Number of protein chains: 4
Amino acid sequence: MSRTKEDEATPAPRWRRRKAERPSEMLEAALAVFIEKGFTAARIEDIARAAGVTKGTIYLYFPSKQAMFEAVIRQAMVSRLDEARALFERHEGPVAPLLRRIIEDFGPRLAMTNLAAIARLVIAEAGNFPEIARFYRHEVIARGEDLFGRIYAQGVAGGEFPDLPVDVVTKLVIGPVLITAIWRTTFAPVDERPFDPVAVISTHARVLTAGLRALAEEEKP
Amino acid sequence: MSRTKEDEATPAPRWRRRKAERPSEMLEAALAVFIEKGFTAARIEDIARAAGVTKGTIYLYFPSKQAMFEAVIRQAMVSRLDEARALFERHEGPVAPLLRRIIEDFGPRLAMTNLAAIARLVIAEAGNFPEIARFYRHEVIARGEDLFGRIYAQGVAGGEFPDLPVDVVTKLVIGPVLITAIWRTTFAPVDERPFDPVAVISTHARVLTAGLRALAEEEKP
Amino acid sequence: MSRTKEDEATPAPRWRRRKAERPSEMLEAALAVFIEKGFTAARIEDIARAAGVTKGTIYLYFPSKQAMFEAVIRQAMVSRLDEARALFERHEGPVAPLLRRIIEDFGPRLAMTNLAAIARLVIAEAGNFPEIARFYRHEVIARGEDLFGRIYAQGVAGGEFPDLPVDVVTKLVIGPVLITAIWRTTFAPVDERPFDPVAVISTHARVLTAGLRALAEEEKP
Amino acid sequence: MSRTKEDEATPAPRWRRRKAERPSEMLEAALAVFIEKGFTAARIEDIARAAGVTKGTIYLYFPSKQAMFEAVIRQAMVSRLDEARALFERHEGPVAPLLRRIIEDFGPRLAMTNLAAIARLVIAEAGNFPEIARFYRHEVIARGEDLFGRIYAQGVAGGEFPDLPVDVVTKLVIGPVLITAIWRTTFAPVDERPFDPVAVISTHARVLTAGLRALAEEEKP
DNA sequence: GATGAATGAGTCTTCATTCAT
DNA sequence: AATGAATGAAGACTCATTCAT
C-alpha cells in the first residue's frame, strides 16, 4: 500500500489507534495484578505498567480503582460463563453417568485455571464489595445452578438421582472443587507434600455419584 | 444506667493496670475488626478503639500490625483446636455411622460460628502472609487430618470405608462444609433467597456416607 | 507588586511541569532546612514547603528522607569541589609564599559560606550516617588532600617546607579554619563579643607559614 | 556490726536509699547514650535502661529530656574543668618551651577521651540548644581562654611570643586539636587508613611554637 | 521513691486521583 | 488520546510524658 496524498497532512501516528481494545487489555492486566496482590495491595501503577500504559490512562477508562475492580471481575467471569454454558449444554442423554464426567470436566477447569484465583479474590473482597458479591451471586452462580439444575431434574425424573433441593446438591458438587481450587492457590505453595488436584476431583466424582445413586435406590419403594 | 454519686469526685482514670488481661482482649477486638474489614482495611486505631485502648497501647503488646494479625489467627484457631480435638476424640466404637455424626457436629461448628469468617480471612490473606498459610496448614489442618485420619483408618480396616487416601477424603468431607461457611459469610448477606446451612451439611453427611459405603461394597470381592 | 488583570481569569495552576529543575531546587531547600534544624528535627514537610512543593512531590525524586540527606550533602560538596580544584590548580610557581595565599583564599570560603554549616552538619550526623562520613572522607577530604599534597610536595622538594606527612600537615592547615567555621555557626550567635573570622585565618596563615619555614631551616644541614 | 534492736521495726530495705547519688549516675548513663546517638535519636528509655532505672524515675529527677541534656553537658564539662585548671596552673616559669608541653598534655586529653565526643555533641546540638552553646561559651571556653591567656601574656611580655590577640591564638592552639578529636570520632571509624592522633598533635605543637617564635623574632627591632 | 502501663501528638511514607501539557 | 508531575488525605509507628499503683 503506497502512501497517498493525505499522508502529507497526517503523518503516520506513533501509536496505532486502538481505542476499542484498550479497555479489555487493561482489564486483563488488572486481573493478573489483583489476583497476585488482592484489591488493596494492588497499585494502580502496577496495573498501568502491566497494561503498558500510564496511570492517567487508566482513569480515562475507569472512574476509580473500585469501579475497575468490579469491571475486572465482571469481564473475567462473563468471558468464562460462555465456556461453562457450552460445557454444560454439550451434555445430552442419560444424566446419571454424566454427572461424573461433568465434574471431571468442569472441576479442573475451575481448580486448575485462574478461575480458582478469581474465586479466591471474590471470596476475599466480597465483604468490601457487596456489588461484586451480588453480581457473582446472580450472574455467575445463578446461571450455573440453572444449567446444572436442568440436568439434575432430568436425573430425578428418571429415578437416577434422589429428590434433593438443587441448590443444596449444587453445593455438594462445587464444595470439593472449590476446596481444591483454594488449596492449590493458598496452601500448596507453602506445603512440601505433593498435592494432586485431579485425584481429589475424580475421587469426588466417584464418591458423589455413588452416594447419589445409593440414595436414589433407597427412595424407590 | 445513671451515674452515681462518686462519679463526681472520681472521674474515669486514664488507665487501669490490667496487664494480664489486655493482650487477649485486644486479640478478640482485633479478630472482630479483621473479620469485618480484612487485614489492610482494618486500621490499628479501629482495633484499639474496639479494645478500649489507644493506638500506642497496641504497640506495647504487638510489634506490628502484621504480627498482631498472625497472633489473632493463632489464638483464634488454637482456642478452637482443643474443642475440635475433644469432639473427635469423644467418638469411639464403629466408625461408619459415626462419620455422619461427625460432619453434623463439626460442620455447623465451622460453618455457623466465626470460624467461618476466620477461614475466609485466612483464604483472603494467605497470599500476603505465607506465615499464616504455613501455620494454618501445619497447626490447624494437619491436626484435623490427623484426628480424622485415625478414625477413617479404622473404617477402612473394618471394611466400612473404601481404601482412599485420607488427605483426599478429608477434602471431600470439608469441601461442602467450607462452601457452606463461605456462602453464609459471602453471598447470603446479599441474597434474598433463604439459605439453610444445616440442611446443606446434613445432606452432605447423608450423601457422603452413602457414597463411601457404596464404594466400600464395590471393593469387596 | 500588584496582581495584574489576567490573574482574575487564571488562578495559579496546581502545578507546572518543571521536572528538570525540580530536584536541585529541592536539594537547595533541603540543605537550608537541614542546616537550620539538623537531620532529625527537619520535617519533610518543612523541606517541601521551602521548595514550593508538597510532601508527596519530595518522594517522586527521593526514596526517603535519609536518601535525600545524602543527596543534599553530595550535591553541596560536589558543586564546591570544582571551585576548590580550580582554586588549587590556578596556583603555580614557588609554593612557600603561596601557602599563605591558599589559606587566605580558601579559609574564608569554608568559614564564611554555608560550607561551614555543612561541615557542622556532617560532623553532627556522621555517627548516624556512615555513608555520609565515608562519602565525605573519600570524595571531599581525599581530593583536598590530594590537591594540597601535590603543592606541599613541591615545597618539600624545594627545601621550603619540612618533610612532614601530608595528611598531618593538612590537618594543621584545616584545623584553625574549621574551628573558625564552627565558632561562627555555633558560638558567635550567642556571644556578645565581636568575632573576626578573617583575622583568625590570616593570623593562622602567618603563624603556620612561619612555623613551617623555621622547621625547614632546621632540617637543612 | 551486729544487727541492733531497731532492725525489728525496719527490715533491710530491698534497695539502698541512694537519693544523692542517683542523679549523677543517670547523668553518666545519659552522657554515654547522647554521645552514641545524639540528642534526638537518644530515647529516654535507652538512658533509663543504661542507668538501671525505669523511664518514670528519670522524670523524678529531670523535668524533660531537654533539661536532662543540658544537665548532662554541664556536669560532663564541670567535672573536666577542674582537671583542666589543674593542668594549666601546674605550669610555671618560662612559658615559650612550655606551650609545646601544654599542647602535648592537653591535646590528647581532649582528642583521645570522650571529651572529643562531647565537643562533637555540643557542636551538633548547639543550634537547637542555645543555652548549651552559651554555657559552653562562658563556662568552658572563657575559662580556658582565661587560663591560657595568662600564660600567653607572660610570653609576650618576655618577648617569647608575638603580640597577637589571645582569643585568636587560642583558636590556633585548639584548631588542630579539635580537628583531631573530630577526625577520630567522625572519620576514623569509616577509614581504612591508620590515623595517629598523637602524631598530629605533637607536630602541631612543634610547628606552632616554631611559628610563634619566628614571629616574635620578627617583632624585635 | 519507684514503677511501668497507658497515652496521643507528631512524622514518615504511600498511593488514588487530578490535571496541565 | 495519552502522559506523568503533582497533590494531599490517610495510616503505621515512635516516643516523650503522665500518673495509678
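Let me start with a definition: a residue is called buried when its relative accessible area is under 20%, exposed when that area is over 50%, and partly exposed in between, with a 1.4 Å probe and protein chains only. By that rule D:Glu139, with a relative accessible area of 30%, is partly exposed. We will come back to that residue.

Now, some ground rules. This is a predicted model, in which local features need pLDDT of at least 70 and side-chain atom pairs count only at pLDDT 80 or more, while totals for chains, interfaces and linings use all residues. Residues are numbered from 1 along each chain as its sequence is written, chains are lettered from A and ligands numbered from 1 in the order in which they are written, and side-chain values use heavy atoms, with hydrogens and water left out.

Helices here are DSSP runs of H or I with at least four residues, strands are runs of E with at least two, and both are numbered from the N terminus. On that basis chain A has 9 helices and 0 strands. Of its 221 residues, 48% are buried. Its accessible surface, from the Shrake-Rupley method with a 1.4 Å probe, is about 11200 Å², and carbon and sulfur atoms account for 53% of that.

Taking contacts between residues at least 6 apart in sequence, 69% join residues at least 24 apart.

For a look at one helix, please turn to α6 of chain B, residues 96–111. The expected span of a helix is 1.5 Å times one less than its number of residues. With 16 residues, α6 reaches 23 Å from its first C-alpha to its last, close to the expected 22 Å. Its buried residues include B:Leu98, B:Ile102 and B:Pro108.

Next, how the chains pair up, beginning with A and B. Here 46 residues of chain A are in contact with 45 residues of chain B. The size of an interface is often given as the accessible area lost when the parts come together. Buried area is that loss with a 1.4 Å probe, summed over both parts. Between chain A and chain B the buried area is about 4300 Å², with 75% from carbon and sulfur atoms.

A rotation of 180° with 0.0 Å of shift along its axis superposes chain C on chain D, at an RMSD of 0.2 Å. That is the relation of a two-fold axis. C:Gly211 comes closest to the axis among the residues of chain C, with its C-alpha at 1.7 Å. In this interface, 47 residues of chain C are in contact with 46 residues of chain D.

Finally, salt bridges. The rule asks for a side-chain nitrogen of Lys or Arg within 4 Å of a carboxyl oxygen of Asp or Glu. Over all chains it gives 37 salt bridges. Between chain A and chain B there are 2, and A:Arg137 with B:Asp191 forms a salt bridge at 2.6 Å, N to O. Across the interface of chain C and chain D there are 2 as well, and C:Arg137 pairs with D:Asp191 at 2.6 Å.

C:Asp46 is buried at 11% relative accessible area, whereas C:Lys37 is partly exposed at 27%.

And back to D:Glu139, as promised. Its salt bridge with D:Arg143 has its closest N and O atoms 2.9 Å apart. D:Arg143 is partly exposed at 34%.

How values were computed: Contact means heavy atoms within 4.5 Å. Copies are superposed by least squares on the C-alpha atoms of residues with pLDDT of at least 70 in both. Buried area is the accessible area (1.4 Å probe) that two parts lose on being put together, summed over both.
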